[in-house]
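Please brief me on the model below. Keep it short, and group the points by topic.

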Amino acid sequence: MSYEAWILLTASLVGASCGLIGSFLVLRKMAMLSDAISHSVLLGIVGAYFISQSLSGVYMLIGAGIVGLLTTLFVQLLSDKGVQSDAAIGVVFTFLFAIGVILLSLYGGNVHLDVEHALMGEIAFIPWDTLEINGVDIGPKSVWMLGFVLVINVLLTILFYKEFKISAFDPEMALALGIPVTFFHYLQMTMLSLTTVASFDSVGAILVVAMLIVPAATAYLLTDRLIHMLWMSIAIGVLSAFIGYYSASLFNVSISGAMATATGILFALAFIFSPLHGLLGKWLAQKNVRMEVKKG
Amino acid sequence: MKEFFLQFQDPNTQWVLFGTLLLGLSSGVLGSFALLRKQSLIGDAMAHAALPGVCIAFLLYGSKSLFWFIIGAAISGFISTWLIHIIVKKSRIKEDSAIGIVLSVFFGFGIVLLTYIQNESTGNKSGLDDFIFGQAASLVKSDVILISTISVVLLLLTTLFYKEFKIITFDPSFAKGIGLPVKWFDSILIIMIVLAVVIGLQTVGVILMAAMLITPAIAARYWTDRLSFMIILAGLIGAFSGGVGTLISTTTKGLPTGPLIIVAATSIFILSLIFGPKKGLLQAFIKHLKLRKKTALNQFLLSLYDLNEQSLHSKLFSEIEVFEKRKISKSLQQYVIKELSNKGLISVEDGQVSLTDKGLEAAYELVLNHRLYETYLMHELEFQEVMSHKEFSISLLTEKEKQKLYQLLELHGRKPVLVPNSLRAHKKKVFIHEL
Amino acid sequence: MAHPLSVENITVAYHKKPVLQEVSFSVPEGKLIGIIGPNGAGKSTLIKTILGLIPKASGSIEFFGDTYKKQIKRIGYVPQRGTVDWDFPTNALDVVTMGRYGHIGWMKRPKKEDIEIAKACLKKVGMLEYANRQISQLSGGQQQRVFLARALAQDADLYFMDEPFVGVDAATEKAIVTLLNELKERGKTVLVVHHDLQTVKEYFDWVLLLNMRVIAYGKTEEVFNLENLQKTYGGKLAFLEERPTLVKENRSV
């Protein structure tokens with residue numbers, strides 16, 4: 001497979017996983033929590049490195065999972081103690097992220113970990129960092145990790161589709177039906193942490209947020225059915241990846257930055273032109289109403 | 001350590017420190033308003049969105065100039081706030097998603113511009129990287145003067161318009177009602193918040209600047225209930241964190257300033273959370289313990305009275321019976337018995353308790369007040385004054401209302417039957433006997 | 001045969017303010033029971049506490065002589081309308097199908113029968129033609145009917161409804177009443193938090209007068225009288241003196 005193809009595959013896998021979990025975050029009004037977790041997992045990655053002394057993806061995933069849950073827990077704790085929720089999110093993730101950056105600056109210097117990389121990813125290096133089993137090169141590590149995370153996300157979403165849906169739509173009713181809403185919340189936060197960390201290597205912390213929120217928000221403007229929103233987010237995420245990659249190659253700029261910008265452009269298009277919920281659609285609907293009134 | 005103190009004598013460090021203190025001050029002050037307006041995370045969006053503005057300013061101006069960077073950052077900061085507003089207003093996207101969209105897309109675009117600049121220019125790009133995590137050491141004297149001037153202006157404006165900002169934050173409709181040009185002051189406040197964010201970017205960096213608005217303010221909240229004190233305290237905490245972070249950062253090579261400042265500020269927050277006298281955890285815990293003890297004592301007396309009231313002959317009850325009536329946790333049971341007998345309110349013998357005369361008086365007061373409060377709650381809407389449990393007192397009601405309350409008490413059959421001798425003798429509580 | 005619902009000595013406090021005190025009652029099967037009381041009396045709190053959505057300080061609750069978890073499939077709930085995200089990408093049919101989730105169980109898909117049941121329930125409330133409408137495009141009364149249909153889809157034996165008649169149009173009100181009577185005919189038990197005193201005698205067989213404590217509980221004709229109402233509502237009942245007679249007059253026509 002060509003160099004370019006690997007990069008596109010990696011980015012598409014990021015777009016797919018993020019689109020899937022991002023849809024539920026947008027619907028549950030937890031976009032900022034996803035912003036928070038994607039920042040604080042940096043600490044998880046750094047911590048995992050220090051403890052395991054290795055850059056193995058497995059440890060990073062575990063570290064991320066733990067820190068992701070911790071972030072959710074701390075935010076919840078502070079909220080319960082009366083700190084307003086937006087402040088709670090702001091305090092917790094900036095603190096954890098700051099510690100991560102400090103540790104990274106102090107001790108991460110010699111290793112493959114560096115701050116800019118963590119922020120922006122270095123997707124250009126992905127195709128060369130490959131996995132070897134018994135001396136056989138089976139492809140870039142990132143692709144494996146992302147593929148694994150995507151499979152988990154898809155599996156969990158299929159298995160628990162009903163439960164995810166009703167917990168997002170009507171949590172009180174869900175509780176009354178005996179559905180463990182809190183469990184599913186933490187489950188989704190774990191899926192989020194895993195997705196973030198798997199994407200770190202390729203697109204970096206900050207830009208994962210774009211992939212999580214923007215394609216899902218775009219899909220939200222394009223459809224009224226949850227199932228469509230899910231596959232549309234994935235498609236838009238993948239599309240942004242392609243547009244981003246080719247634009248970045250053209251202008252010689254950051255690939256992940258370009259992908260984030262691409263998600264924004266697609267969102268803007270939907271915002272204006274969506275027949276269902278875009279400005280144009282609403283304007284047309286109003287015009288129709290006026291015409292009907294005139295006729296009748 | 002010695003090197004650390006030597007730093008203080010370096011005039012450059014002094015200048016940088018001065019600037020950072022002032023900017024910490026203004027972040028804390030304006031962050032308080034952002035916090036109270038529930039716009040803390042919009043501050044995060046503004047900070048991230050500033051990156052493309054800074055880059056564009058660089059591209060237009062050709063080299064580093066804090067002045068033009070600030071202008072660029074402010075413009076893109078404004079545009080981002082406006083966009084968030086428009087997205088929420090004109091579509092079904094909710095505010096949290098709108099903030100996330102603007103924040104990440106603008107920042108992504110900023111990174112694009114940043115890499116473009118890095119690839120195009122040869123060395124003049126210095127200074128832009130610092131905007132991501134902040135680097136106080138890269139501040140030069142002219143930068144500091146600019147930052148300090150803006151900070152001072154912001155602080156002056158806050159002092160000038162304090163009353164107005166306070167009321168539009170707390171109750172905008174009321175403010176409008178008394179003729180205050182709310183939209184006007186709202187815009188000024190937003191401009192000031194944007195400026196506070198933007199001057200901090202070189203020191204704290206884009207990613208963490210949001211915390212400068214949030215953390216000092218929320219820490220201050222735990223020390224006071226008054227807005228004026230909170231703002232001043234937030235400013236001081238911001239200044240202190242800024243100072244500490246800057247000092248450590250300038251003495252250690254390669255450590256960005258932003259994270260250090262944030263860790264300092266958050267540490268103060270954690271301390272405030274635990275030890276703060278106003279809403280701190282320690283205080284709450286101590287209060288909670290005291291309350292538990294008092295409640296347990298009251299529960300016991302109430303239960304003992306109820307038991308006495310229900311069985312008209314027996315005056316002696318087993319401890320277990322009383323504990324059954326209103327549950328008291330095992331750990332406090334010993335305490336309750338001891339305390340009440342020490343105070344002479346009950347007499348204990350072989351696990352059987354009875355109310356003393358003094359005890360009956362105390363219990364009667366408790367029961368009467370308790371049942372009156374309950375009755376009051378059942379018919380709350382019919383009374384003028386709205387009172388909470390702590391404040392409830394018969395004396396706060398009008399004569400007529402007192403009558404009504406006692407009537408209702410009787411109607412529900414809740415009038416305490418066992419009246420202590422002292423009352424019977426002195427006819428102190430006239431109302432009950434009039435019924 | 002165990003009562004569908006047995007509540008004993010429930011006490012609930014919210015921020016140290018007592019909301020429910022020593023509430024006890026047992027519900028007879030196959031009846032329509034109205035829960036009546038002034039605002040803030042704890043009516044919604046009572047239902048939520050019974051369903052385990054709010055913690056209680058003391059007391060015990062039994063459903064058909066058993067715990068909530070074990071009997072959950074037999075219990076249906078129509079909450080007050082305010083708690084849902086109306087912009088959620090879901091249509092009326094979808095919402096009603098959600099009512100079947102208790103029966104479908106974890107990790108399984110809704111089967112064809114479930115969808116058919118959902119459609120039938122929509123039809124019962126007169127909303128079948130709106131099956132594919134996104135919920136924010138429905139009127140308040142229509143939304144209420146969809147939530148009612150969802151409760152029906154739960155196919156429960158014991159229903160709890162929290163102020164189903166608030167803010168609905170006449171057509172919806174009629175639909176709800178017809179539905180309630182049909183449920184009763186099928187032997188279901190329904191508890192309804194109700195706010196309109198004038199319709200109590202018409203709608204409900206039994207009534208629970210609640211104001212933090214149980215003021216009175218029993219058959220409507222025995223318990224729903226001026227004296228008890230006065231105890232429940234206090235002095236605000238002056239206007240009611242005329243009403244009971246008016247209702248009687250209409251009835252005899």
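Helices (H or I, at least four residues) and strands (E, at least two) are DSSP runs, numbered from the N terminus. Ser12(A) lies in one such run, helix α1 (residues 3–27) of chain A. This is a predicted model: local features need pLDDT of at least 70, side-chain atom pairs count only at pLDDT 80 or more, and totals for chains, interfaces and linings use all residues. Residues are numbered from 1 along each chain as its sequence is written, while chains are lettered from A and ligands numbered from 1 in the order in which they are written.

**Chain A and Ser12(A)**

- Chain A has 12 helices and two strands. From the N terminus on, the order is α-α-α-α-α-β-β-α-α-α-α-α-α-α.
- Of the 296 residues of chain A, 56% count as buried (20 or more other C-beta atoms within 10 Å of a residue's own; exposed is 12 or fewer, partly exposed in between; C-beta atoms are placed from the backbone).
- Ser12(A) counts as buried because it has 20 C-beta neighbours inside 10 Å.
- Leaving aside neighbours within four places in sequence, Ser12(A) is in contact with Val238(A) and Ala241(A) (contact: C-beta atoms, placed from the backbone, within 7 Å).
- The C-alpha atoms of Ser12(A) and Ala235(A) are separated by 8.9 Å. These two residues are 223 residues apart along the chain.
- Among contacts in chain A between residues at least 6 apart in sequence, 71% join residues at least 24 apart.

**Interfaces of chain A**

- With chain B, 44 residues of chain A meet 45 residues of chain B. Elements giving two or more residues to this side of chain A are α2 (31–52), α4 (85–107), α5 (115–120), α9 (181–222) and α11 (255–273).
- α4(A) gives the most to the side that touches chain B, with 11 residues.
- That side of chain A has 29 nonpolar, 12 polar and three charged residues (nonpolar: Ala, Val, Leu, Ile, Met, Phe, Trp, Tyr, Cys and Pro; charged: Asp, Glu, Lys and Arg; polar: the others, Gly among them).
- With chain C, the contact takes 18 residues from chain A and 19 residues from chain C. α7 (161–169), α8 (171–176) and α10 (226–251) of chain A each give two or more residues.
- α8(A) supplies the largest share of the side of chain A that touches chain C, four residues. By class, this side divides into 11 nonpolar, two polar and five charged residues.

**Strand β8 of chain C**

- Six of the six residues of β8(C) (residues 206–211) are buried, so the strand is largely enclosed by the rest of the structure.
- Trp206(C), Leu208(C) and Leu210(C) point one way from β8(C), and Val207(C), Leu209(C) and Asn211(C) the other way. In a regular strand the side chains alternate between the two faces of the sheet.
- β8(C) runs parallel to β3(C) (residues 32–36), joined by four bridges (strands pair if DSSP finds at least two bridges between them). Ile35(C) stands opposite Leu208(C).
- β8(C) runs antiparallel to β9(C) (residues 213–219), joined by six bridges. Here Val207(C) stands opposite Gly218(C).
- The hairpin of β8(C) and β9(C) has one residue between the strands. Met212(C) takes a positive phi near 70° in this hairpin.

**Domains of chain C**

- The domain assignment gives domain 1 (1–64 + 157–253) and domain 2 (83–156) of chain C; such bounds come from an automatic or database domain assignment.
- Their centres, taken over C-alpha atoms, are separated by 26 Å.
- The contact takes 12 residues from domain 1 of chain C and 10 residues from domain 2 of chain C.

Notes
Contact = placed C-beta atoms within 7 Å.
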